[in-house]
Amino acid sequence: MSKSLQRRLQTTVRKSDIRVVTSSKPAVEARRSFRAAQDTGSGDENDICHQRLTTWLGVVENYQEYFQSMVAAELDLATVYARIGDILRVPVQESVLLLPTSSDGVQAVTKRLKGFQQLMVEGHCTISQATKQDALATLKLLHAGVKELKESYSSTIQPMYNELEQCKLSIDRRSRLLMVAIKAADDSASAGKEVVKDPFIINLEVEALLRKRAEIENELYRVATAQQARIREFEPQFVSRLAETVSSFMSVVSEQHKQLRLCAKRDVRAIGKIDEESEWKHFIRSFGDVLAAPQASDGQAQGDDYAYEGKGSEWVQVLRQGVVALREQSQLFRSTWQSKYGVVTTRGYFHVFRSQGDVVRGVPETSVFLPRARIAMVRAGTLQISSGSKFNRCRIVIQDGAASLDNWRLLMESACFRNACPPSSSTDGGGLATPPDSGSEESPTCERRHSSHLMARRSALSKASRRRSLAPHHADSPLGAAATPTARGRPFSADV
């Protein structure tokens, strides 16, 4: 929509703003602008019959201007209405989703609206064509008739009027000359003198001019009376045809509006019978199977139902997972014993989660890459994982039963071996050396290294890796009793 049209629609239009003004001038000013003549028989603007014919000519020209404007306006309206009708698209491009135009649906309503719009276009075209062929053609003939009558009246009356005026001037001059001659004869001083012309002769000339004037006036009267009779005979036909022209125009407009009104009544009745649920019922019939399974889902989907690249790879498996009693310590802090959920993966990572439910979200609290860490049994029932640099070392201490801790340690060593980064040192328990900073009141000094035992342990781990006999361990498959801290920090036995 254009900006000008938007501004036009936003402006509030009242009925009083659209009206036909009868006259742009006040009535008093209109009366002053014209004054009717008080005589006739001159054939010019001072002749009342001439003024009347001029008035009729102006009326016809005014009607011609009106109907010419109507022809152009109706044609413009037809063009504009046709362009507006082109906005409606039927059938729509997505017609497969809707009821067809032959059924009682939205597309059928649009089709009726477009047909109603086309009828308005045809109505305006008909009015324009009828006005051009009938009204303007009739007005052209009336204009020619009034103009011919006006020219005939002027050409007949005006020469006789001019001749009469010349005769009156001659009489006036002769009358003045006669008076001069009479005064000269009455003067005693000039009684014996000869005058230029005898008053008798002058008087005869005046009488001859008067007889001529009488003849011209009589002839002018006869001609003027004949012209008035012609005008009187012309006017009823003129008024009748003028009124008939307007009546015919109104009849054409009324007929077009009648057709439009009848069409609107039929469409209103038909649209009123449309079922408001018909479109959705058709939609369900056509695409019920698609709607029943959005994205091919039945609403019972589980995460394990989907396949993806890498699913089932050995590097996404878990060697062991379960609840452990754990605490973390570094150079800056030391936590208390807490119940956590640990996971050892085949890629060599040990992840610590707050609880088992956090595993699904994949957001661990701590993650340690075991091949880069030190794993040691610092004392009975305690396993320590040390990672980080010399200046930023972090230790994770796990407390559990001996059998369970031994299984955790073996699986961690297996993860290190799988990722081609064997542990740096060992104790007698698992071939890993005790970290140099692990000595604390909770971490007693580890036993000395036994080389033969270490070699035997590594050989056993290598054979176990080749056979892939170490299956992922789950919390539901207990390998031993896990020690869980109590409220006072002392562990109690729990199945993992």
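Reply: Strand S3 (residues 349-353) is mostly covered, with four of its five residues buried. Buried means under 20% relative accessible area, exposed over 50% and partly exposed in between (1.4 Å probe, protein chains only). Helices (H or I, at least four residues) and strands (E, at least two) are DSSP runs, numbered from the N terminus.

Me: What kind of model is this, and how are residues numbered?

Reply: This is a predicted model, in which local features need pLDDT of at least 70 and side-chain atom pairs count only at pLDDT 80 or more, while totals for chains, interfaces and linings use all residues. Residues are numbered from 1 along each chain as its sequence is written, and side-chain values use heavy atoms, with hydrogens and water left out.

Me: How many bridges join S2 to S3?

Reply: Four bridges join strand S2 (residues 338-345) to S3, and the two run antiparallel. Two strands pair if DSSP finds at least two bridges between them. Val-343 has His-351 in S3 as its bridge partner. The hairpin of S2 and S3 has three residues between the strands, and Gly-348 there takes a positive phi near 95 degrees.

Me: And which strand do four bridges join to S3, with residues 366-369?

Reply: That is strand S4, which runs antiparallel to S3. Phe-369 in S4 is the bridge partner of Tyr-349.

Me: Changing topic: where is Glu-74, and is it buried or exposed?

Reply: Glu-74 lies in helix H3 (residues 48-85). Glu-74 is buried yet has no salt bridge, that is, a side-chain nitrogen of Lys or Arg within 4 Å of a carboxyl oxygen of Asp or Glu. The nearest side chain of opposite charge, Lys-132, is 14 Å away; Lys and Arg count as positive and Asp and Glu as negative, while His and the chain ends are not counted.

Me: What is Glu-74 in contact with, then?

Reply: Leaving aside neighbours within four places in sequence, Glu-74 is in contact (heavy atoms within 4.5 Å) with His-124, Ile-127 and Ser-128.

Me: Where is the kink in helix H6?

Reply: The kink in H6 (residues 278-292) is about 70 degrees and is centred on Ser-286. The bend at a residue is the angle between axes fitted to the seven residues ending there and the seven starting there. In H6, Ser-278, Glu-279 and His-282 are buried, and the buried residues of H6 pack against helix H4 (106-186).

Me: How many helices and strands are there in the protein?

Reply: The protein has nine helices and nine strands. Of its 496 residues, 34% count as buried.
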